[in-house]
Protein chains: 2
Amino acid sequence: MDPKLAERWDSFQSKIRRVLHLRAILSLLRWDEEVYMPVKGAQARALQLRTLSEILHQYETSEELGNDLAFFADHMDQLNPDEQILVNEVVYDYQRAKKIPASWVGKFAETCSRAYHSWVQARQGLNFKMFQSELEEIISLCREKADLLGYEGSPYNALLEDYERGMDVTQLDSLFAVLESRQSELFKSVLDVQHDEVSVFDGKTWDTNKQWSITLRVLESIGFDFEAGRQDCSVHPFTTNMSTDDVRITTRLNPQHLFSGLFSSLHEGGHALYEQGFNESDKDTWLAQAPSLGIHESQSRLWENCIGRSYAFCKFLLPLLQEYFPEEMKDVTPEVLYREVNRVKLNFIRVEADECSYNLHIILRYRIEKDLIEGQLHVSDIPDRWNELFEQMFGVRPPNDALGCLQDIHWSHGSFGYFPTYALGNIYAGQLFERLQSELDIDDLVSRGEFTPIRLWLKQHVFNVGKRKLAKEIVESATQKPVSAEPFLHYLQTKYKMLTHS
Amino acid sequence: MDPKLAERWDSFQSKIRRVLHLRAILSLLRWDEEVYMPVKGAQARALQLRTLSEILHQYETSEELGNDLAFFADHMDQLNPDEQILVNEVVYDYQRAKKIPASWVGKFAETCSRAYHSWVQARQGLNFKMFQSELEEIISLCREKADLLGYEGSPYNALLEDYERGMDVTQLDSLFAVLESRQSELFKSVLDVQHDEVSVFDGKTWDTNKQWSITLRVLESIGFDFEAGRQDCSVHPFTTNMSTDDVRITTRLNPQHLFSGLFSSLHEGGHALYEQGFNESDKDTWLAQAPSLGIHESQSRLWENCIGRSYAFCKFLLPLLQEYFPEEMKDVTPEVLYREVNRVKLNFIRVEADECSYNLHIILRYRIEKDLIEGQLHVSDIPDRWNELFEQMFGVRPPNDALGCLQDIHWSHGSFGYFPTYALGNIYAGQLFERLQSELDIDDLVSRGEFTPIRLWLKQHVFNVGKRKLAKEIVESATQKPVSAEPFLHYLQTKYKMLTHS
């Protein structure tokens with residue numbers, strides 16, 4: 001790079017870093033809000049978040065940044081490949097941000113704020129109608145957003161793009177059709193076998209201090225760097241980061257359920273390994289980001305389920321559990337533990353669903369979302385449609401809307417297009433895990449608690465890529481085959497075959 | 001206010017709130033850095049702090065804000081008294097901020113960053129020379145700052161103004177001369193009597209979980225609102241706030257010293273009551289701020305010392321201590337406890353100094369600071385001057401500079417003009433406490449743990465005033481007499497007379 005160009009590049013980078021720093025600060029404000037903020041601090045925090053979000057938006061869409069981007073788009077030939085990708089990525093985000101006028105952002109924020117309160121009341125009152133008019137406004141704003149952003153095919157594609165770039169309803173419909181028929185069938189057959197099994201873990205109380213220690217030991221084992229991160233407790237577990245060297249996860253411990261907190265920690269720990277694992281040289285740059293939520297979720301699902309709920313992991317885990325709960329774990333074998341952590345139950349609530357049926361909850365919601373955004377479903381018809389689809393998939397109707405279409409907060413946040421990434425995460429995880437199994441002796445490594453080779457494989461094939469490829473490209477390049485639901489379904493079927501035939 | 005003026009006022013207020021929100025966010029970043037941030041997060045945090053500080057400075061000195069201020073300065077007659085004060089206060093801060101060019105701010109930040117590392121090395125190596133050249137640069141920059149700000153009399157006045165508006169070296173010299181001669185004499189005489197006393201608390205170990213519970217109980221007693229604040233642990237205890245409804249303090253617990261954490265919590269708790277106690281209607285406005293560090297420190301000192309180290313408080317505290325440490329506290333009487341928490345020792349280190357000698361450490365440093373800023377002392381002569389003054393006051397010379405002029409971090413931060421506020425805090429606290437004693441039966445209230453009337457008195461006379469008056473005016477108006485060191489000295493002399501004659 002010639003000195004003049006280099007000088008401009010530095011100035012461009014400092015603008016980029018400012019945006020990244022402001023985003024990191026927003027993450028800290030939100031983390032603190034969930035984890036340590038005293039209750040009365042909520043009102044002031046909302047105002048602080050709003051102020052900072054507005055300032056961030058100014059910097060993300062500033063004319064100066066636009067000028068730099070235009071300049072470097074004209075000088076691409078003088079940039080190295082990483083620099084070119086970086087410019088393209090920032091251009092992509094910049095142009096999308098510029099398409100949404102501040103007036104839309106303000107109106108959307110205001111509507112969601114009202115919608116949240118309506119949703120809370122509607123759920124408490126088991127009365128969908130109390131949420132209906134705000135949800136209609138949100139749908140209308142989301143459709144407007146899709147028009148502003150532009151799209152081919154379904155307007156839902158425009159919304160999906162924010163969470164899973166490169167994905168569209170055609171691909172989703174095809175992936176989900178396979179998942180739905182096969183998982184629905186599998187779920188019913190497993191439930192048939194398991195429904196009268198009695199758990200030896202039920203009715204016991206599990207000291208939460210000991211649970212906490214176990215989660216820390218497990219996180220340490222899988223390679224979570226506690227000098228570059230921490231775990232705390234919160235009502236809804238999540239992962240966030242202020243930098244690749246400051247990655248924070250939360251868990252929630254329940255004295256009645258030993259495995260709730262543990263698998264929550266493993267799930268968030270999987271997200272965290274990704275955030276801590278970006279290429280060293282990408283730190284504090286635009287490239288140290290996951291390209292999509294789906295690929296991020298593949299990492300949490302891989303550690304939580306493919307690894308964490310494997311028989312090998314149960315062999316690794318049991319001695320640890322016995323160390324903290326010698327009395328309760330005296331007669332437990334790896335087999336008993338394996339059966340327990342894979343128990344299948346009919347659940348109306350998505351977040352409590354087992355691995356076998358989780359995607360069905362997602363697909364149900366996706367179908368409703370798509371119909372709403374495409375204008376093929378009226379908001380007032382959601383409850384009936386929800387219950388009908390639920391019955392098709394699970395064989396029963398939810399007894400009320402709190403256990404049905406009102407269960408999740410996300411629609412009141414206006415997060416349309418986001419749910420499919422959960423199912424994509426499972427699909428990606430299944431495909432990556434199949435490849436891992438073919439390259440490493442996973443069962444042997446996991447049962448010995450030797451997680452480093454697994455983490456290094458993921459670092460090489462996923463983490464280090466950063467934002468250089470789309471999620472789909474990462475999976476396809478790591479596994480040398482097109483993205484498909486088959487590996488995940490094969491994984492599920494193998495597991496439950498073993499569990500229901502032993 | 002006519003509608004057009006009201007509209008402009010709203011727009012002005014939203015600019016003000018933006019500044020307050022950004023300051024609150026900076027506070028959270030710093031709080032998190034001291035309390036929960038993982039070690040490797042430091043580098044990214046420094047960059048985030050820098051980015052946000054720069055953005056804050058832009059908003060604090062923006063032309064738009066300047067225009068609003070000029071406009072309202074021209075329309076003062078249409079504002080109510082509170083609005084007038086608010087405008088005047090923002091004008092004051094705005095004009096000071098505008099006097100300092102961004103180039104000075106950048107150079108100062110860069111110098112302090114280098115100076116901090118030199119100071120760490122100099123202190124470790126017991127070699128003042130390693131800090132000398134950076135300290136010279138800082139002094140030179142501080143002198144430049146004084147010139148930029150303008151002053152009457154000593155250039156030190158310009159620096160002092162940032163921490164204690166309305167105070168100057170003439171007033172300080174007069175207050176401090178009295179403190180120095182009387183406290184130096186008192187200290188020597190108390191030390192003579194106490195130096196061979198044996199403490200029944202030494203050599204014992206105090207469970208830190210129990211200590212933690214005691215600090216929480218004490219904070220609750222004095223009226224700290226845990227729904228609008230929290231306590232955590234940090235290496236250096238401090239108080240910060242994100243709003244009047246989110247006030248956070250820290251303490252540090254030492255298993256060898258039962259009272260270190262407890263009095264630390266009381267000290268920071270005193271600061272916190274002030275922050276939580278501002279007038280409800282001033283919330284989220286410029287007025288919900290203390291007018292100076294000295295008045296803030298008066299609140300921490302009042303609770304830590306005047307109340308916390310009183311005989312009445314020992315009567316209140318003892319049963320609580322006995323609840324957690326029944327064995328260790330079996331034979332302890334309120335008298336023994338009172339003697340213990342008021343033990344006087346020769347200490348080279350300010351932060352470990354007792355109430356009797358604390359101000360002497362401050363005065364020593366003040367004298368050196370003033371001479372440096374006035375150009376009457378060369379940086380290279382600091383160690384000798386320090387040791388000479390210390391010997392005058394305490395009768396011994398520090399054995400090395402780590403126990404002398406290199407002990408505190410603040411000079412490396414460039415905080416010149418700040419130390420005197422510690423001594424002013426003691427003076428103000430003494431005067432407020434004298435008045436409190438004349439209006440309420442303090443001994444009776446404190447011994448019964450009835451702190452509410454005390455807090456309400458402080459709320460009425462100090463907290464609710466906010467930034468409407470200068471520190472000195474608050475004290476004078478609350479006590480109906482001019483600020484003087486006499487009440488504090490009288491308080492000290494009474495206490496130590498009792499302690500040394502019983």
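Predicted model: local features only at pLDDT ≥ 70, side-chain atom pairs only at ≥ 80, totals over all residues.
**Exercise 1. Work out why A:Asp371 counts as buried, and find what A:Asp371 touches.**

Step 1. Locate the residue: A:Asp371 sits in helix α14 of chain A, residues 358-373.

Step 2. Apply the cut-off. Buried means under 20% relative accessible area, and A:Asp371 has 14%, so A:Asp371 counts as buried.

Step 3. List the contacts, again skipping residues up to four places away in sequence: A:Gln376, A:Leu377 and A:Arg385.

**Exercise 2. How many aromatic pairs are there over all chains, and what geometry does the pair A:Phe488 and A:Tyr491 have?**

Step 1. The count over all chains is 69 aromatic pairs.

Step 2. For A:Phe488 and A:Tyr491, the ring centres are 6.1 Å apart and the planes make an angle of 35°. Stacked needs under 30 degrees and edge-to-face over 60, so this pair is tilted.

Step 3. Both residues lie in helix α20 of chain A (residues 486-501), 3 residues apart, or about one turn of the helix. Both A:Phe488 and A:Tyr491 are buried.

Step 4. Now try B:Tyr163 and B:Tyr418: with 5.6 Å centre to centre and 65° between the planes, they form an edge-to-face pair. B:Tyr163 is in helix α7 (residues 156-163) of chain B and B:Tyr418 in the loop between α15 (382-394) and α16 (420-439) of chain B, so the pair ties together parts 255 residues apart in sequence. B:Tyr163 and B:Tyr418 are both buried.

Step 5. Back in chain A, ring pairs join A:Tyr163, A:Tyr358, A:Tyr418, A:Phe419 and A:Tyr422 into a cluster.

**Exercise 3. Which ring does the charged end of A:Arg248 sit over, and which face does A:Arg365 lie over?**

Step 1. For A:Arg248, the ring is that of A:Trp31, with the charged end 4.4 Å from the ring centre.

Step 2. For A:Arg365, the face belongs to A:Trp411, at 4.6 Å from the ring centre.

Note on methods: Residues numbered from 1 in each chain as written. Chains lettered and ligands numbered in written order. Heavy atoms only, no water. Helix = DSSP H or I, 4+ residues; strand = E, 2+ residues; numbered from the N terminus. Buried < 20%, exposed > 50% of the residue type's maximum accessible area, 1.4 Å probe, protein only. Contact = heavy atoms within 4.5 Å. Phe/Tyr/Trp six-rings, centres within 6.5 Å; stacked < 30°, edge-to-face > 60°. Lys NZ or Arg CZ within 6 Å of the ring centre and 35° of its normal.
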